[in-house]
Amino acid sequence: MDVALKVSCLGLCAALLAALIRKSNPETALCLALAGGAVILYFAFSLVSQIADAAREARELSGLTSGVFAPVLKCVVVGIVCSIASDACKDSGSAQLASAVDMAGAVAALFCALPLFSSFLNTVCLLYTSPSPR
């Protein structure tokens with residue numbers, strides 16, 4: 001909660017300052033917005049170790065192997081990174097580049113999920129090829 005409050009205030013202040021500066025100096029406004037975003041990411045990444053511990057505990061409690069759990073985590077990370085990059089491209093005025101980043105992120109997430117599809121298909125094939133007890 002403390003991090004969320006800090007990040008919200010910082011983001012609001014950086015956005016307001018960037019909006020004030022944008023008319024006279026758009027390059028500085030963009031740099032200010034990117035710097036604010038970097039500081040916000042620093043605060044967000046300070047929580048990564050706690051999130052990793054919680055994910056590790058969830059994996060252990062669920063009984064899932066890391067081969068199933070890791071692709072899900074990778075897809076989430078790909079989504080977050082590409083969303084941030086896409087928003088930065090939109091803020092800099094390049095909607096086409098933002099669309100390309102979004103598309104590449106979707107393809108990368110699908111690529112990360114391939115082991116899940118493979119595991120699912122193997123499980124389904126085993127269920128239908130194994131003789132049923134009567």
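**Entry 1: helix α5**

I began with α5, which has 35 residues and reaches 49 Å from its first C-alpha to its last, close to the 51 Å expected at 1.5 Å a residue; the expected span is 1.5 Å times one less than the number of residues. Helices here are DSSP runs of H or I with at least four residues, numbered from the N terminus. I noted that this is a predicted model, in which local features need pLDDT of at least 70 and side-chain atom pairs count only at pLDDT 80 or more, while totals for chains, interfaces and linings use all residues. Residues are numbered from 1 along each chain as its sequence is written, and side-chain values use heavy atoms, with hydrogens and water left out.

Next I looked for a bend, taken as the angle between axes fitted to the seven residues ending at a residue and the seven starting there. I found that α5 bends by about 40° at Ala113, and that a proline, Pro115, follows within four residues.

**Entry 2: α4 against α5**

How do α4 and α5 pack? I read an angle of about 180°, with their axes 8 Å apart; axes are lines fitted to C-alpha atoms, for helices over the stretch in contact, and angles run from 0 to 180 degrees between N-to-C directions. The two helices, α4 and α5, are therefore roughly antiparallel to each other, a label for angles over 145 degrees.

Which residues form the largest nonpolar core? I wrote down seven, namely Val78, Cys82, Cys89, Ala98, Val101, Ala109 and Cys112; such a core is a set of buried Ala, Val, Leu, Ile, Met, Phe, Trp, Tyr and Cys residues joined through side-chain atoms within 4.5 Å. Both α4 (66-91) and α5 (95-129) supply at least two residues each, and α5 gives the most, with four.

**Entry 3: Ile80**

Finally I checked Ile80, which lies in helix α4. Its relative accessibility is 48%, so Ile80 counts as partly exposed, the class between 20% and 50%. Ile80 and Gly105 are 25 residues apart in sequence, and 9.2 Å apart in space, C-alpha to C-alpha.

How values were computed
Buried < 20%, exposed > 50% of the residue type's maximum accessible area, 1.4 Å probe, protein only. Parallel < 35°, antiparallel > 145°, perpendicular 65-115°, else oblique.
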